[in-house]
Amino acid sequence: MDTSLLVIQTLNGLQLGLLLFLVASGLTLVFGILDFVNLAHGSLYMLGAFFCATLTIWFGSFILALLISLPITALVGYLVERFVARPLYSRDHLDHVLATFGLILVIDTLTHMIWGPEGLAVPLPDWLRGQVTLWGDTVVPTFRLMIIGAGLAAAGGLFWLVNHTRLGMLIRAGASNRTMVSALGIDIEMLFGLVFALGAALAGLAGMLIAPITEANIGMGNGIIITAFVVIIVGGIGSIKGAFIAALLIGLIDTLGRSFLDDIFTLFMSPTAAENSAPAISAMLIYIIMACVLAFRPQGLFPPKVR
Amino acid sequence: MRKVTTLALAASLLSTAAFAEPVKIGFVTTLTTGAAVIGQDMTNAVDLAMEHLGGKAGDTELEVIYADDGFAPETGKQATDKLVKQDDVDFVAGYIWSHVLLASRKSVLDADKILISANAGPSQMAGKLCDKNFFSTSWQNDQTPMAMGDVLNTQGVKSLYLMAPNYAAGKDMTAGVERTFKGEIAGKDLTKWGADAQLDFSAELAKAKASGADGLFVFYPGAAGGAFIKQYQQAGLKDTLPLYSVFTVDAISLPKLQQAGFTDVLGSKVTQQWDPSLDNEANKKFVTDFKAKYGHYPSYYGAQSYDAIMLIASAVEKLGGDLSDKDALRAALKEADFDSVRGKFKFGTNNMPVEDFFLREVVEDEDGVWTTKVVETVYTDHVDTYAADCKMN
C-alpha cells in the first residue's frame, strides 16, 4: 500500500471528522445540557450552506459571506430555541422528536420554495481552487486543507470557550446539573438560548465549509445528522471532548473503510465478491462501531461527569 | 404531493362535448429532495407537451397526475399504488430511478395498466422481466455507457477507473462500459446513493488517482453530477486523469457549473441518445418553446418525458379515446406513430427503443450559455444487449 495514498486518505478522513465534530458538538451540547433531542440540527447545517452560497453569489467573496452567515445561522438557531424548543422542554423525548422532525419538513419545503429544487453552487476564489503539493506526487486540494484548518480552529475556539471562560463554566455546570445551576440564580433560559445559537452556528459553519464541495442541497442535513447522532452516542452524550474524539474516529473509519476495505477483502475472497460486499460493509462500519459501544459501554467512551 | 394539470380541466370546462371520461396519466418522478431538480425538468416537459397538445389527444381529454417518489423505492411504490388503485389511471409514466421503477413495476403491470419509463432502463426489465405492457421512451441503462466504451477504444484509452452510485442503474452503467471497453479496468467504486447519498468523493478520487488509470469513467446523475465535477476540478485531475462521463454533465448540472465558473467542463465529451441541437422539427419546437417558457435548456430527462406524453397521445388518438381493447392499445403504442424529438422512433422486440447514440461535446452557445452539441454518431439503430433474454408473453 503506498504511503502517499494513505496520507491523503487520512487527511480526507480528518476533514470529514472535523465537519462531523462541528455538527455533533452542537447536537451534544443541546442534548446534554438542554436534554432536548433536536433532529432539525441538520436543517441548520443546510441553512448555513444556503445562506453562505447566496451571500457568496451576492458579494463575490466566500470568506465575507461565511463571516456574515455565521451570526445569521446563530440567530435562526436562537429563534428555533425560543419558538419551537422552549415550549417543549417539559415534554418527553418523543414530543421533541415529532416536533423537530416536523421542523425538518417545514425547513426543507421552505428552502425548496425560496431557492428552488436545484440547490446552489458556491463559487470559490482562485486561491482556494487549486491544489497544494505536500511532497512528491502527494497533492491535496487547497480547499480541503482550509476545511481542516477552519475545523481545527473552531474546535480550539470551542475548547477555550468551554474550559476557560465564565460562559463555558456555566455550560459545563449546566451539563452536569441543570437544576443546581438555575438554583444558583443563573438565567437558565438565556443560557439555553445561547447554547442553541452556538450549536446552530457550529452546524452552519460545517454546512458553509462543505457547500463549495458538494453544493448546497435540500435535505443535505438529513444524511449528516444520522452520522452526528452516531458520533455523540459513541463519544458520550453531553461531552465535547467525547464528540471530538468520536467524530475524528468515525470520520477516519468511514473514509479508510471506503478506501481500503475492498483491497483487504480481496485477500480472502474473490475480487467480484469483494467488489460487491465492500461498499455495503463500509457503509455499515460506523453503525457496527456504535452497536459495539452501546453493548459494552452504553454511556459512551467519554461521558461527562454527572453528580 | 399531488398536482393536477389545470390545462386539461380548463379545456374540459370549455369543451361542449365533455361527456367522455378523460384519459388519465399518472406521472411518477422525484419532486422532493435534491433530486427534485430532475423531476422539475420532467414535469416542465410534460406540462409543455400538454400545452402543445392543447390538453387533448384527438378529441379525448388528457389529464396528468404527478406523484413524488421521494428518491426512494418504497415511496415510489406507494405513489404508484395510489395512482393505480385510487386515481385509477390508464397509464403510469415517468420514473427517473431504476430501483424505484423495479420496485413499482408489479403494481402497474398486475393491474393490467400501461407502464412507460421516461428515463430508468434497468437491465432486468429489458430482458427477463420484460412485459407486453411495459414501454420505454428512454434507453436501456447499459447502452449509453457502451457507446462511451467504444469512444474510449477509438481514443486509445488503455486503462479506466470506474465510479458510480451503488444502485441498480449504477451497476448497469459500469457493466455497460465494461462490456465494450477493451482496455484494463484499474478499479471500481460504488458509492452510497439515495436521499442521503454520499456527495463527498475525496476518498474515491484519491484512489482513482493512485490507481494510475488513463481515464476516469463516472455516472452521477442530478445534483451529484455538479458536485462530482467540482471536486474533480478541485483535485486538479484534468491533465493526469481525463474524465469520461455519462448522465453527469448535462442541462441539469451545466447551469450551476457555469455559475460557479468551472470552465474545465467546456469541451468535455459525453454520450447520449438525444441532444438539444438535433435537427428535426419536433425537437426545434420542443427546445425553443421550453427555453422560452422556462428560461433554460431542457435536459434529456425532459426530452424523454415529452416523448412519453406524445407517445401516449398518439395511441389514444388512434383508438379514438377507447382504451378498453388492451391488445389494440398495445399495438397502437408499439407503432410509435408520433414525431419524436429524436427525429425517428421505433420499438424493439422488448419494447425498448431502437435508436442512435451520439457523442456530444460541451460548448458555449451564441448567447454564452453552456450546452452540448453533437460531435458524431457512435451507434445507429442500436439494440440493447438484454433484448435477447426477453420472452414477451
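Visitor: Which residues in α3(A) are buried?

Guide: The model is a predicted one. In α3(A), the buried residues are A:Phe62, A:Ala65, A:Leu66, A:Ser69, A:Thr73, A:Ala74, A:Val76, A:Gly77, A:Val80, A:Glu81 and A:Ala85. They pack against three helices of chain A, namely α2 (41-59), α5 (126-129) and α9 (188-214).

Visitor: Where in helix α3 of chain A does a kink lie?

Guide: Helix α3, which covers residues 62-85, has its kink of about 25° at A:Ser69, shortly before the proline A:Pro71. A:Ser69 is also one of the buried residues of this helix.

Visitor: Why is A:Ser43 called buried?

Guide: A residue is counted as buried if 20 or more other C-beta atoms lie within 10 Å of its own. A:Ser43 has 29 other C-beta atoms within 10 Å, and therefore it is buried. The residue belongs to helix α2 of chain A. Leaving aside its neighbours within four places in sequence, A:Ser43 is in contact with A:Leu103, A:Ile104, A:Ile107 and A:Gly221. From A:Ser43 to A:Glu81, the separation is 38 residues in sequence and 14 Å in space, C-alpha to C-alpha.

Visitor: What makes B:Gly320 count as exposed?

Guide: The term applies if 12 or fewer other C-beta atoms lie within 10 Å. B:Gly320 has 12 C-beta neighbours inside 10 Å, so it counts as exposed. This glycine is located in the loop between α12 (300-318) and α13 (326-335) of chain B. B:Gly320 is 109 residues from B:Ser211 in sequence, and the two are 60 Å apart in space, C-alpha to C-alpha.

Visitor: At what angle do helix α1 of chain A and α8(B) pack?

Guide: The two helices pack at an angle of about 170°, and their axes are 9 Å apart. Angles over 145 degrees count as roughly antiparallel, and therefore α1(A) is described as roughly antiparallel to α8(B). On the side of α1(A), the contact is made by A:Leu5, A:Ile8, A:Gln9, A:Asn12 and A:Gln15; on the side of α8(B), it is made by B:Ser202, B:Ala203, B:Ala206 and B:Ala210. Sorted by class, this contact has five nonpolar, four polar and no charged residues.

Visitor: How many residues of chain B are in contact with chain A?

Guide: In chain B there are 30 such residues, and they meet 35 residues of chain A. Five elements of chain B each supply at least two residues of this side: α2 (36-53), β8 (184-191), α8 (202-210), α9 (223-234) and α10 (254-259). Helix α9(B) gives the largest share, six residues. The residues of this side divide into twelve nonpolar, eleven polar and seven charged.

Visitor: Where does helix α12 of chain A bend?

Guide: The helix, residues 271-296, bends by about 40° at A:Leu285. Its buried residues are A:Ala278, A:Pro279, A:Ser282 and A:Ile286. They pack against α10 (220-235) and α11 (240-265) of chain A, together with β8 of chain B.

Visitor: Which domains does the domain assignment of chain B give?

Guide: The assignment gives domain 1 (6-139 + 278-353) and domain 2 (143-272 + 356-388). Their centres, taken over C-alpha atoms, are separated by 27 Å. The contact takes 29 residues from domain 1 of chain B and 22 residues from domain 2 of chain B. On the side of domain 1, α2, α4 (98-110) and α5 (123-126) of chain B each supply at least two residues. By class, that side has 16 nonpolar, twelve polar and one charged residues.

Methods. Residues numbered from 1 in each chain as written. Chains lettered and ligands numbered in written order. Predicted model: local features only at pLDDT ≥ 70, side-chain atom pairs only at ≥ 80, totals over all residues. Contact = placed C-beta atoms within 7 Å. Helix = DSSP H or I, 4+ residues; strand = E, 2+ residues; numbered from the N terminus. Nonpolar A, V, L, I, M, F, W, Y, C, P; charged D, E, K, R; others polar. Domains from an automatic or database assignment. Axes fitted to C-alpha atoms, helices over the stretch in contact; angles between N-to-C directions. Parallel < 35°, antiparallel > 145°, perpendicular 65-115°, else oblique. Bend = angle between axes of the 7 residues up to and from the residue.
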